[in-house]
Structure formats: structure tokens, C-alpha cells
Amino acid sequence: MSLFFLITAAIAIGGTLAAMTRRNPIHCILSLALGLVGVAGVYLALGAQFVGFTQILVYVGAVAILATFALMMTQGHIVSALIEPRRAFSRSSVSGFVTAAGVFSVLGWAAQSYRPLTPSTQQAPAAGAKEVGVALMHTYVLPLEVIGVLLTAALIGAVVIALPSEEERS
Amino acid sequence: MSWIVHNLWLVAALPFAAGGVISVMKQRQRTLAAGLAVGSMALSFVLALMAFVQVLTSHGEATRQFSNFAWFQFGAEWVRLGWLLDPLTAVMLVMVTFVGLLIFIYSIGYMAEDENFKRFFCFLALFAGAMLGVLIANNLLLLFMCWEIVGLTSYLLIGFWYEKPSAAAAAKKAFIVTRIGDLGLFLGMAWLYAQTGTLLFYDAGRGCLEANALTTLAMHTTVFGLTLSSAIGILIFCGSAGKSGQVPLHVWLPDAMEGPTPVSALIHAATMVAAGVFLLARVYPLLSAGVTHGMTTTVALQVVTWVGAITALFGALVAVAQWDIKRILAYSTMSQLGYMMIGLGTGGVSVGMFHLITHAFFKALLFLGAGSVIHGCHGEQDIRFMGGLRKAMPVTFAAYSCGMLALCGVPLFSGFWSKDEILHSAFVWNLSRGPFYIGAIGALLTAFYMTRQMIYVYAGTTRLAAESTHGEHGHSGAHESPKVMTVPLLILAVPAVVLGFFGTPVWPWFQSFLEGDTANVSFGALGGAFPLMIVSSLIVFVGLGLGWLLYGRKLIVDVGALDRIESAQPGLFHLLSGAFYINELYAATVVRFTLVAASVSAWLDRWIFGGVVRAISTIFVLFAKVDSFADTHVVNRGFDAGCGSVSYGGSFLSKLQAGKVQRYLKFVGVALFVAVALLFWGGKA
Amino acid sequence: MTPLNLFLLLSALLFSIGLAGALTRRNAILVLIGIELMLNAANINLIAFWRFGPNPEALTGVMFAIFSISVAAAEAAVGLAIILAVYRHNKTTNLNQIDTLKG
């Protein structure tokens, strides 16, 4: 078990835990960014450099900022409204935790009952920008195009949905 | 390799860590914040002293030690970073941590009434960490990263009082202007990497500042007949010109005085602006690569020298006609940085660095003294409203005088020895005497404007109460600052006076230390330098005398009185007080060009690209109209029939739907639980 | 080298943290963030199985993860836009007060 994995896993778990428990949503998003950096570190520990850096660019960079913007555009004008009230455990939140714990128990059980496996190759196969680029342009060129269309559609869709309708604008 | 070389990173990491911890503390934990910052700086100072002793006690090759490590793999290449301990680093470490420590302590007093005390110390600690990182870096990339953090903290601290529009604008200006220079540094760095394949400075023969790489760089020529090493060196110089406020990238430095005064002292006088000079000293082997027997200098060094000379003269001229006590010092800093560049270009690392070190102490002293004056005058910065402070603030006056005499270069004070050495090396430069003459004029002007400032601030009677337009002070009259501010002043006054004795021609200890030799006392060396020392002392005394003649003989009593130069030569005075209208020139050219380009782009975007999009959208709307017609009249008719039966089933199922999204998600979670459990059980059975 | 189990366990933990957040938080944006976390956990699995699987040169897992990240980015953009639209309509992002889907 490598130290690097331990550190990155600890960052990932700590960051995401904080992201899901802090009461101030801004803190949540900041901790989320930290946790996602940890996840990117896990990718690097697995030898997937390109995915790791993509993770940082897309999640830590874009998604976290997008979430901040959404937060600011919805409740940003009232700072006090951002912070959720301290509340006792309601029935629905208890049942939510129970569900999550149940899912974790079966998933963890499933993961644990594998016998410890070591990779088939000792040195991680190269998965840098070059190899990924070659693969994208040969084997996976069709999915790449489909993803391009999907992203364009999502972009246009997001703009259309977020745009105020005619009567709201007037 | 000793313990300190392995753990040199701690010097920079401690203030970083302190800054990080302070950043998450609560706003009212003021004592803890200040204690952490000062404590981390004190520890760094101890470590810096250990590093210094380590260098001091080693000889020959062992004076330069480094520790490299692999950072991450990118493709087939490993990016490697490291830190480096050599005499240059050791001297700078001790200077930065010592001056920094004193300024941290001073800030406790200066910022005592500020609401954002904690934020201030967070930024200060962050700055100190980054600055120390610049010093210990053994890799241009690592240096560049710390360099940018230093720029960021400088931005944050100049704009510390961001509610003042002028402070916010000054911060933005400093950030953008230094970034222009950093672009050059970045290009130089990329080019260097492309040519040598490494950015490590020293790497047991494979580094980019070692003989192998330097010979190849000096052999090849590029455009305009420049050697590669000179071209890269000039690009790197762009970065240091931005940071060190050299013409034409100097415009941000005077404006940076909008920040709190300890910041001006620490960042914009003693350390950060000196980082540019330090960077050049660090890459000096690159700048001077290819010096052959016929030529004693390279194009890069000539560029450095001439830019430095122009800046030295420019800053000194403009300082003559300023009213703001801090702006005078800011232009003076610019001018002194120009001297360091001259020294570096004509005399090499030790000449420039010696002035850097002495200047750091006496200029920090002057700025802290100015801060004490401003504090004592309830925020007044205009020297026309001061006067008579000699009696009101005796401690500040005494310390300030030491700094002023050192800056002017009065014999036996530290500034005298270092400035004289620069003038000497400029004098014996075999290409041109130009820098020497410019430097001599600058020295005269320095003595002149400092005399003017001293007389305005300290002599005569107070003009503070009279007609002050900045009248937010309810109680009139100046007062001495608290101990926490005056004690650092007094401590700084000591090196401002005596530090020069470590680098006199008789006993050039500092110079030999930087080159890794041991110094010998030789009175013979005095003979060569003696005539020039007489000349430069004469120049200084002429400057002091001129200042006294103009301002001291008949003291100014009236606040609204014109400056003596202004009444004699109004045009000249306004040209100088407007800093040759460089700001206005930039506003009329560079800034306006950017604005025009932006509006052209906006027009293109709106009418050309936007037009295409609109045309496409119209086509799609047409399609949609046809489609909707088909939909309502053909598809819907059949659909309506099916809907009736579906809605019956739907109304039954809708009882499950409470409309709460999270309840739906919970169902999915439970289903996942069941599915995994079943799948796994099935697999086992 | 770290054994595969640990990666799977980490991914299960992240997935459950995300699920718990998505189930219990009241702010729609934070619910969306929880869902992003669950997606990330799945990506860790993809990469881990690629690394430990029999034929890593084919880069299948890496590709899957990259596409999954792209789809997740699209999802985040659309999701946050929907939250904006819902907010404009209901003046709240508290999920307890948004139940117009009720049958």
C-alpha cells in the first residue's frame, strides 16, 4: 500500500465528507474542489495521468466554479440565507443516512470479498496525452464525435433553460 | 550533505504553513494570528542563520549544495524540482528573514487599529513563504511559481484597503504591469527548456547554469546576431524589470504605495522588488555566458546596465518633485534598483548584491520611519503638512537620519561603500563611461532630494494643524509611535550604519564570500579606489549642500508655499512631478489600443458571428413550424385515444409520487442495495 | 502496489458519501454535487479495473472514464441551469418546498 495512495484517499474522503456536511454551501463547494483533487490524485496513483489532469480541469476547474455561480445566482444576494439552519435529525434524513449506510455495506462487502488482486503488469501502461490522443483518433473516433454532439446539445440546452422566459423578462 | 541542505524547504514552508493556518482562523483571533506569523518568521530566521553558518564553514566546491527530487512524470520526461544552498541564497535568506521579522513585529503596532488585522498577517506570512521559496529554488520553474505567488500577494497587499478605489486600481495596475514582464520571463523559461531540456540550475553537471549547457547556449546565435544565452537572458530580464520597477515597466511601483506602509517597506523596498535583481544574480552565469577574451561583456549585460542607468536617473529626477513622503521613497527605490542593475551589469554578482543587501536594510528603515511619521501625524502623508517633527518624534528622527545618510552615501555609512563600488565598476567598464556619469548625477540628486525631504518633514515648526484638507484628525499635533514600532527602527538603524564595513575595498569579505573565497585585509586595494571615493563623497556633499541652500537656509512656514524649484522653473517641476507623464503616455497608447481592440471584437461578435447564428436559428424555426403542424394534426389524434387508458393507470400509480425528488432517489438507493445483495448472494450460492 | 480491494472500498465510500448527501441535503445545488460525487466514485472503479484488468494497453477503462467525465460535465451544466430556472420560478432551491411533480 503506497503512501501516495493513502494521502490522496484521505484528501478525497475528507474533502467529500466536508462537502456533504458543512452548513455553509460555499464551504461545501470549496471542500468539494479539495476532495476532487484527491480523486485526481487517486487516478495518478493508478497511472492514469491524462484522466487525472482532465479531472482537475473539468471538475476542480469547471464544475466547482459552475456550482459557485449557480449558488451566487440563486441565493447570493442574501448571505445569511446561504447558511443552512442547524436542525435536528428529521425522519427523512435519518432514513437517508440508513439507505446510504446500507448501500455502503453491500458495496464494501462486495469489494472486500474479492481476493487481493495485483495488476497484471507491474509498470502501468502509458496513458498520457499522446496515447489517449491516438486512441481517441483511431478506435474511439465515433464515440468522440457523439460526445461532441452531446456537449453542444447540453450547452445550447443549458442556455435555453436558464434564459428567463418572455413574460418574466418584461 | 548536511541536515540543513536536505531540509532547506522548511525555511519557506514554515511561513506558508502559518499563512494557511491563519487563513482559516476567525477574524477576532488577532493575537494568535500575529503570534503565528511572527513565530514562523522567527523560526525561519533561525533556520536561515543555520544555513548561513553551513555555507560559512564550508570551502570550495562544498559552498554550493543542492537537493533535487522528482516531482511527476509527464510523458517520458520527469519534472524535477529542488532547492539550492549557496552563498547567494544564504545571504538573501538571512536578509529577508531578518528584515521580514522586524517588519512583522512593526506591523503589530502599525495595524493595531485595523479591522482586518488577521487577513493582513495571513497575506504577510504567505508573502514571506513565497519570497523565501524564490530564494531557495534550484529550478527555474519552482522559482517562477513562487515568483507568481509573490506577485499575487503583492497584489493582495497593495489592495489591502480595497474599499479605497485608488488602492484597488493600484493593485490591479501592479498585477497587470508585472505580468507583462513575467510573460517575457515565461517565454525565456520555455526557450531555455527547449534548448537544454532541463530547468534545474545545478544538477551535477546537467543543470542549465552549468558549463555544458552554457557552452552550447553561447555557441549558437539567433536573430540579430544575439547568442542564445543573451536572448534568453534578455527575456528573463523582462521578468525582473517588471518586478524591480525598471523603465519602462516602472509605472506600478509608485502607485503601490497605496498599500499599508509595512507592506511598502517589506515588499516594495526590501524584498520583492529586489527579487528581480536576485533573479539576475541567480542566472548570472547565463547572462555572462560566452565572455571571451576579446569581449568582456555580453549583449544581455549591456541591456541590463543601460536599462538600470536610465532607471537610476529617471527615479532620482522624479523623486525631486514629489510631495508624498512614501512616493519620494518609492522613486528613490526605483533609482537604487537601477544602481543594482548597473552594478550587476558592469561589476558582476557581488557588486549588485552588496548594494541590494545594504539597500534592503536602510530602505526598510526609511519606509518604517515614514510609516512611523505617518502614524504620528494621524495618517497625513503630504510633506507640506509636516515639519518640526524632530522634537515631536526624536527616536524616529534619529533612526530616519541614519537611513537617510546611508541612502545618500555619506562616507562611512553602509550605502557609501556599496554605491561607491558600483560607481567604481561603472567607471572601469570598458564599453562606455555613460553609466558612470549617469550614476554620479543620480547620486547627486539622491543627496539633494533626501535633504529636501528631511528639511520638509523634520525641520522648522509644525504645519500639521494649519488648514489641513485631510482633516479627519480631531487632536492636533504629532506624537511619537509606540515601542513596538520604534524598537524595530532602532534595530534596523544598526546595520544601516555598519553593514558597509563587510565590503570595503580594504576587506572585501562580502564579495569573497559570494565567490566562495576567503577575504584578506589589504590596504593596497584602497589606493586604487581612493580617488574615486573622494570624488563620490564630494558629489554627495554637493548634493547635500544644494539641498540645504535651497530649502534649509530659509525654512518654509506656509503650507501653500510653492516649492523653491517650482517658483524658479515651473515647467520643469511639473514635468518631474508628473513623472515625465509616462502614465498618461501609456493611457493614450497601450490602454487605448486595448480598448479599441476590445470594442472591435465586440462588434465582430455581435454582427458577424451573431448574424450567422441568427440565420441558422431562423432556418430551424421554419423547420419547427412545419413539424408542429404535422404533430398537432396527424400524430395527436391517434395519441389522444391511447392517453385515456394510460391516465387511468397513471392516477393509480401517482399515489406513490409525493413530488419529493429525494424520496425518488431513496427508492433508487434501496433498489441498488437489494440488487447488489441479490446478485452477490446468487453468486455465492 | 495497493491492492484492488482498497480502490473499490474507497470508491464505495465516496459513492455512499455522495448518496447520503444527495438524500439528506435540502439545497438543490448540494444534491447535484452529491450526484457528481457518485459519478466520480464510479470513475475510480473504471480506472481501477483498467489498471488491474488483463488487457490494459487497450485503454478501454481510461476511455470510458474520459467519456464519463464529459457526460458528467454536460449533466452538471444542464442540471445547474435547471436549478436556475426552478429558482426563478419558485424563488427557492429548497427541495422540501418544490413538489410540483406530485401526482
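A salt bridge is a side-chain nitrogen of Lys or Arg within 4 Å of a carboxyl oxygen of Asp or Glu. Arg64(B), Asp86(B) and Arg282(B) are linked in a network of such bridges. Over all chains, the structure holds ten salt bridges.

This is a predicted model, in which local features need pLDDT of at least 70 and side-chain atom pairs count only at pLDDT 80 or more, while totals for chains, interfaces and linings use all residues. Residues are numbered from 1 along each chain as its sequence is written, chains are lettered from A and ligands numbered from 1 in the order in which they are written, and side-chain values use heavy atoms, with hydrogens and water left out.

| Pair | Closest N to O |
|---|---|
| Asp203(B) and Arg206(B) | 3.7 Å |
| Asp382(B) and Arg384(B) | 3.0 Å |

Asp203(B) is buried, at 7%. Arg80(B) is partly exposed at 30%. Arg206(B) is exposed at 56%. In the remaining pair of the table, Asp382(B) is buried at 13%, and Arg384(B) is partly exposed at 24%.

What does the bridge between Arg80(B) and Asp203(B) tie together? Arg80(B) lies in strand β2 of chain B, and Asp203(B) in the loop between α7 (165–196) and α8 (211–219) of chain B, so the pair ties together parts that are 123 residues apart in sequence. Helices (H or I, at least four residues) and strands (E, at least two) are DSSP runs, numbered from the N terminus.

Two strands pair if DSSP finds at least two bridges between them. Strand β1 (residues 65–74) of chain B runs antiparallel to strand β2 (residues 77–85) of chain B, with nine bridges.

**Where chain A meets chain C**

Contact means heavy atoms within 4.5 Å. By that rule, 86 residues of chain A and 69 residues of chain C take part. Buried area is the accessible area (1.4 Å probe) that two parts lose on being put together, summed over both. For chain A and chain C it is about 6700 Å², and carbon and sulfur atoms give 76% of it. On the chain A side, Met20(A), Leu46(A) and Tyr59(A) lose the most area to chain C, together 11% of what that side buries.

Several helices of chain A give two or more residues to this side, including α1 (3–21), α2 (25–45) and α3 (49–75). The largest share, 14 residues, comes from α3(A). The chain A side divides into 58 nonpolar, 21 polar and seven charged residues. Ala, Val, Leu, Ile, Met, Phe, Trp, Tyr, Cys and Pro count as nonpolar, Asp, Glu, Lys and Arg as charged, and the others, Gly among them, as polar.

How many salt bridges cross the interface of chain A and chain C? The rule finds zero.

**A helix residue in chain B**

Val591(B) is found in helix α26 (residues 582–653) of chain B. It is partly exposed, at 44%. Val591(B) and Gly129(B) are 462 residues apart in sequence and 34 Å apart in space, C-alpha to C-alpha.

Note on methods. Buried means under 20% relative accessible area, exposed over 50%, partly exposed in between (1.4 Å probe, protein chains only).
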